[in-house]
Each structure stands twice: as structure tokens, then as C-alpha cells.
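Me: I'd like to go through this model with you and ask what stands behind the labels. Here is the structure.

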Amino acid sequence: MSTQITSAVTELTPSDHTYLHLDSESRPMHWSLLLELATGGPQLAVADVRERVRERSELFELFRIGILNGRWRKPQVVLAEKVDVDRHLTAVDYADEADLRKRVATLLETPLPRPEPMWHITMFTPSGDGSQFFLLRVHHAVSDGIAGAAFAGLLADGTPEELTEFERFATSPRFRTPAVDPEVLKESKAAFNEQWAAGRNSRGWPKLTKTGKREYALYSASTRDLRRAAKKNGATVHEFVLAAIGRTASIAPPATTTPAEIIRVTLPVTNDPAFRHTGNAVLVSPLNLLGNETDLARQIERTRSELATIEQRRPELATAAPATAPGLPWALQRAIAVAAMAHMSPDIHVGLNPGFSRIRAVLGKPIAELTPFSPLAGYSLSVTVLILGSKTSFGIVTDPAALPVGYADTFVEHFDRMLRETATPE
């Protein structure tokens, strides 16, 4: 039994609507988080994990939000009286790494059912030796990646005091775009149009298809190594990671034709510097990487210039959703949003996210790796980075119908080689 409700947390905003407009059966708009537990000791029992999730799911309304319709029909938010944890936490055995990868990829491809609460956890246990994993999927309309820290509270260990760090991402009001000074907005639109025009030249990156197929790869690096490599090249970590991605794509282009001179990137930036919101505070800024440049110094120079443009002229404000929904039919709003994404025509997505949680275990088992994945919203390659303490993880998602099969692994191989060479002390 569900009831329709309205509150600061459960009433979706135009920013949240964006991900309903872009959602389709072949392009589901959920982000994901893959937790790998440390090996050694007994495996966690699904009954114990379900009891943990059942207890935590009652803490916040956020965990009970479901959405009825939301594609071509106007969405209705419904609040489940209680989460059916037996449905929202599925236990699966996997045979080996190949089996695990196939199962995870299938879940990345599969939309979350409506109008049930818009999250799901899959618990993977090896048939033999290996690690246990959890895949958490959350619809982007319910939460962006930063506010998504609240959903870590469904699993994470911690005392009531320690768990309060999740509350600001579960109980704060949903984010609404604040008013923008007309002169600032004018400059933002000019910057956006200039970035778009520059990225129009030498198009060549494969387009996202409608097959709905997904492949992924995981990569983890020492945050210290990233900082060392960035410092060695006179760059910030942000500049270095973006430049390294441009260099990797230049060394290993996905097509057999001449590599694209420009790779059009969507770079998420938060519009909430206090990092205290529920819902979506993410704006998307265009950034043009060099697509046929193997010199890291030139990539860094280009990235620094692009980031300076973003900081000074804020092109992301040009496409920010309004604070209140426009008075247009829902289907027309969706058509406009889809057309806007097609016009933007991004090639790849790069998200760099700070980690907030200091809790590193589930029912006493340490978390060995924590890797984020973003949905493919108009682009065929996504690289999502999570900087969490001493480790930085990279979740790479590709459309294997657009890019060569196995390209995610190829990308990781070249990125890792570049980082090891760059981070090695002289």
C-alpha cells in the first residue's frame, strides 16, 4: 500500500525531473555503487544483511520514495508504507569473475521497477573462493551521487552517532536552482555556446546506441600516487585525471578511423557548495578534451584552460533546470529534454566525486573497494571517479555496441600503464 505525499524531501524538483525525461528502457537512469568486501573469515549471511537493511530502511522517507509513470506521462511520487526488503535485496551466487561481470552488466542495463522505492541491492556471494560484493542501484531522479551517500547508510556499520553523517543527504530539502544574476547567466550562455561550437569540429567519437547493452571495468589507484603524479606534472589532481583520460583515449582510440581531434565531455559540477541537499544539485558543464594528443603536458595545458573557463564563466548555468517546473505538458518537457541532450551531443562523461563516509565495513567485514558507476546519458563512455581517503576508484561503463567489445578493459590497461609510469619517483 502506498500513499501520495508532498514534502521538502519527497517532492521532486525540475532538476530531478531531468533524469526522468532522459530515462528509457534501453537507457535506464540509475547510478550504481559496487562494494567489494575483504576476503577472509566467514561470508556474510543474507538473512543478517536483510535484517540490517530492514532496520535502516525505516530511518528516512527517502528510502521509501517510488515514482509512478515519469516517462511520457507526468510522474507521481508515492511513498511506500514499508520497504519490502526481500524484494529490494536480492542474493545471488556467482561462479567466477566472468560470471560476476556478466551479472553486474545485466543489472546496469536493467531499469528499476516502478512504482516501488527507486533503489535495489544485489548481494553476490562466490560459489568457491572470492569476495562478496554488493551492487547498490539508485535512480538518479531520487538522488545524485553526492546526496547518494545517504544510501550507504542502508548497509554501513556504525553507531547512531556515527551514522548521523548520512542524515544531511537524507533529510535536507531537495535542491532547487537558486536565482542567477542576469549578467552571470548571459556570460554563462555565451561560454556554453562557444564550448559547444568548439566541440563541433572534428567529430569522430562513436555515438551511444539504443541497444541498451553495457560493459564495465573497475580500476583503483592510491590517492597518494595520483597526487604524486599530478604534482610531478605541475597539475592539480582534477587537472591530471582529466588530462590522463584525454591522453588514454588518444593512445587507445575506440575507432579504426582517424581519432577525433576533440572529445566533448560532460563534467558534473555541484551547484551546492555546502554539500547539504537531497535530490539533485548536479549541473553539467561542457569540457573539450584533446582527442588526438598523446603528450600529457599538452593535455594538462588544455585541461587547465577548460577548467578555468568553467570556473570563471560557469557555462553549466546555461542548462540548469529552473527552480519551478515550466507550465508545459509533461510529454513536451520530455521531448525538449531529449532534444537538448541530442543537441549537446556529448562523447564521454567524466565525474570526479569526493567521498564523505568514514565508515568502512558492513556487519564487521571491511570494505576492500568501493566503485561508482554513472548511467550512459547520451554518451558511450563514462568514467566515474570516487576519491575516498587513501584510495581513488574509477568505474568505467561503455556501450559495447558503439565502442569495441572489451574497450573498458583496454581503457583501464592504458590508463594504469600511464599512471604507473608517471607516478614512479625519478
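Me: How many aromatic pairs does the structure hold?

Reply: The structure holds 11 aromatic pairs. Keep in mind that this is a predicted model.

Me: Why is the pair of Trp31 and Phe151 called edge-to-face?

Reply: The ring centres of Trp31 and Phe151 are 6.4 Å apart, and the cut-off for a pair is 6.5 Å. Their planes stand at 80 degrees, and angles over 60 count as edge-to-face. So the pair is edge-to-face.

Me: What makes that pair a tie between separate parts of the sequence?

Reply: Trp31 belongs to strand β2 (residues 30–37) and Phe151 to helix α5 (residues 149–152), so the pair ties together parts that are 120 residues apart in sequence. Trp31 and Phe151 are both buried.

Me: And Tyr94 with Phe133, why does that pair count as edge-to-face?

Reply: Here the numbers are 6.2 Å centre to centre and 70 degrees between the planes. The limits are 6.5 Å for the centres and over 60 degrees for the angle, so Tyr94 and Phe133 form an edge-to-face pair. Tyr94 sits in strand β5 (residues 89–94) and Phe133 in strand β7 (residues 133–139), so this pair ties together parts that are 39 residues apart in sequence.

Me: Are Tyr94 and Phe133 buried or exposed?

Reply: Buried means under 20% relative accessible area. Tyr94 has 6%, so Tyr94 is buried; Phe133 has 8%, so Phe133 is buried too.

Me: Which residues form an aromatic cluster?

Reply: Trp205, Tyr219, Phe394, Tyr407, Phe411 and Phe415 form one cluster.

Me: How do you know that Arg334 sits over the ring of Trp72?

Reply: The charged end of Arg334 is 4.7 Å from the ring centre of Trp72, and the distance limit is 6 Å, with an angle of within 35 degrees of the ring normal also required. Arg101 lies over the face of Tyr216 as well, at 5.3 Å from the ring centre.

Me: On to charges. What makes Arg174 and Asp16 a salt bridge?

Reply: Their side chains meet with N to O at 2.9 Å, and the rule asks for within 4 Å, so the pair qualifies. The two are 158 residues apart: Arg174 is in the loop between α7 (168–171) and α8 (182–200), while Asp16 is in helix α1 (residues 14–21).

Me: Why are Arg174 and Asp16 called buried?

Reply: The line is drawn at under 20%. Arg174 has a relative accessible area of 6% and so is buried; for Asp16 the value is 0%, so Asp16 is buried as well.

Me: Why is the pair of Asp409 and Arg101 a salt bridge?

Reply: The closest N and O atoms of Asp409 and Arg101 are 3.2 Å apart; with the limit at 4 Å, the pair is a salt bridge. It links Asp409 in helix α13 (residues 407–423) to Arg101 in helix α4 (residues 97–109), 308 residues apart.

Me: Which residues touch the most other members of the largest nonpolar core?

Reply: In that core of 66 residues, they are Val53, Leu62, Trp119, Ile121, Phe124, Phe134 and Phe151. A second, separate core has 41 residues, including Ala235 and Phe240.

Me: Why does the radius of gyration agree with a compact globule?

Reply: For 426 residues, a compact globule would have a radius of gyration near 22 Å; the protein has 21 Å, so the two agree. Buried residues make up 55% of the 426.

Conventions:
Residues numbered from 1 in each chain as written. Heavy atoms only, no water. Helix = DSSP H or I, 4+ residues; strand = E, 2+ residues; numbered from the N terminus. Buried < 20%, exposed > 50% of the residue type's maximum accessible area, 1.4 Å probe, protein only. Phe/Tyr/Trp six-rings, centres within 6.5 Å; stacked < 30°, edge-to-face > 60°. Core = buried A, V, L, I, M, F, W, Y, C linked by side-chain atoms within 4.5 Å. Rg over C-alpha atoms; globule rule 2.2 N^0.38 Å.
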